[in-house]
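Let's walk through this structure together, with the coordinates open beside the text. We will take the helices and the sheet one after another.

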Amino acid sequence: MGDLKQYGLVRAQERLRDQVGHALRAALIAGELRPGQVYSAPGLASDLGVSATPVREAMLDLAREGLVEPVRNKGFRITEVSERDLDQYTELRTLIEVPTVGRITKTAARERLEELRPVAQEIVARAREHDLIGYLEADRRFHLALLGLSGNERLVETVGDLRKRSRLYGLTGLDEAGLLVSSAEEHVELLDLMIAGDARGAEACMRRHLGHVRSLWAEGRDGPADA
């Protein structure tokens with residue numbers, strides 16, 4: 001029985017670690033954790049109302065993704081993403097996702113594509129509801145599920161990693177300006193083109209969408225500095 005209890009505790013600890021990681025990602029997205037700043041695990045734990053251990057574990061997970069870096073005897077520094085970094089991430093995503101979308105348009109069963117419509121609509125709904133975390137989570141699920149129709153798991157993993165590394169800052173300002181809704185609606189447009197079998201149109205839409213996301217990121221990054 002002791003061993004079973006131990007396994008239960010491990011699972012509970014892992015869940016708390018995941019919950020803390022989600023909260024920290026949310027703070028990063030909202031711009032509450034600022035690039036270049038150093039945060040201690042005890043300080044963050046106090047803010048979150050948990051012990052320091054799951055915070056350290058969650059921050060180590062973020063460090064493996066390149067979102068933070070350990071600072072000896074101080075805590076973790078939020079890594080800064082330069083314009084050059086973002087341009088390179090966007091270029092890589094464009095090289096991967098644009099032709100993949102065209103190929104999926106030609107090969108995927110229409111009913112499989114149609115299954116993604118509720119998620120595309122959820123993205124728009126979340127943007128209109130000002131639910132930034134829900135917006136980005138639905139956006140992640142849509143893009144990775146769509147790419148998953150290619151049958152290439154490594155491709156999906158690569159894009160997932162690029163998305164994490166090119167995370168958005170200051171989305172609160174963009175949301176207040178109403179700039180996220182138009183980006184959200186592009187998901188429905190993309191899906192309609194793919195279901196219609198318009199591979200060239202779908203590729204153009206994906207290319208435009210990634211460029212739009214890049215512009216939104218830049219505006220969101222500049223926004224807090226102007227506040």
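Helix H6 makes a left-handed crossing as it passes helix H10. Keep in mind that what you are viewing is a predicted model.

Which residues of H6 and H10 make the contact? On the H6 side you will find Arg117, Ala120, Gln121, Ile123, Val124, Ala127 and Arg128. Facing them from H10 are Leu180, Val181, Ala184, Glu185, His187, Val188, Leu191, Asp192 and Ile195. Sorted by class, this contact of H6 with H10 comprises 10 nonpolar, 2 polar and 4 charged residues.

Now turn to another pair of helices. Helix H4 (residues 83–107) packs against helix H8 (residues 153–165) at an angle of about 145°, and their axes are 10 Å apart. Here, too, the crossing is described as left-handed, with H4 passing H8. H4 contributes Tyr89, Leu92, Arg93, Ile96, Glu97 and Thr100 to the contact, while H8 brings in Leu155, Thr158, Val159, Leu162, Arg163 and Arg165. The class count for H4 with H8 is 6 nonpolar, 2 polar and 4 charged residues.

Next comes the sheet. In general, strands of a sheet pair through backbone hydrogen bonds, in either a parallel or an antiparallel way. In this model there is an open sheet of 3 strands, ordered S1-S3-S2, and the pairing is antiparallel. Strands S1 (38–39) and S2 (68–71) are the edge strands, each pairing on one side only.

Follow strand S3 (residues 75–78) to see how the sheet is joined. S3 runs antiparallel to S1, and 2 bridges join these strands; tyrosine 39 has phenylalanine 76 of S3 as its bridge partner. With S2, S3 pairs over 4 bridges, again in the antiparallel sense. For valine 68, the bridge partner in S3 is isoleucine 78.

What do S2 and S3 form, and how many residues lie between them? They form a hairpin with 3 residues between the strands, and asparagine 73 in the turn has a positive phi of about 65°. To finish the tour, look for helix H3 (residues 52–64), which lies across S2 and S3 and runs at about 120° to S2.

Definitions and conventions: Residues numbered from 1 in each chain as written. Predicted model: local features only at pLDDT ≥ 70, side-chain atom pairs only at ≥ 80, totals over all residues. Heavy atoms only, no water. Pairing = 2+ DSSP bridges. Contact = heavy atoms within 4.5 Å. Axes fitted to C-alpha atoms, helices over the stretch in contact; angles between N-to-C directions. Left-handed = near helix turned anticlockwise from the far one by under 90°. Nonpolar A, V, L, I, M, F, W, Y, C, P; charged D, E, K, R; others polar.
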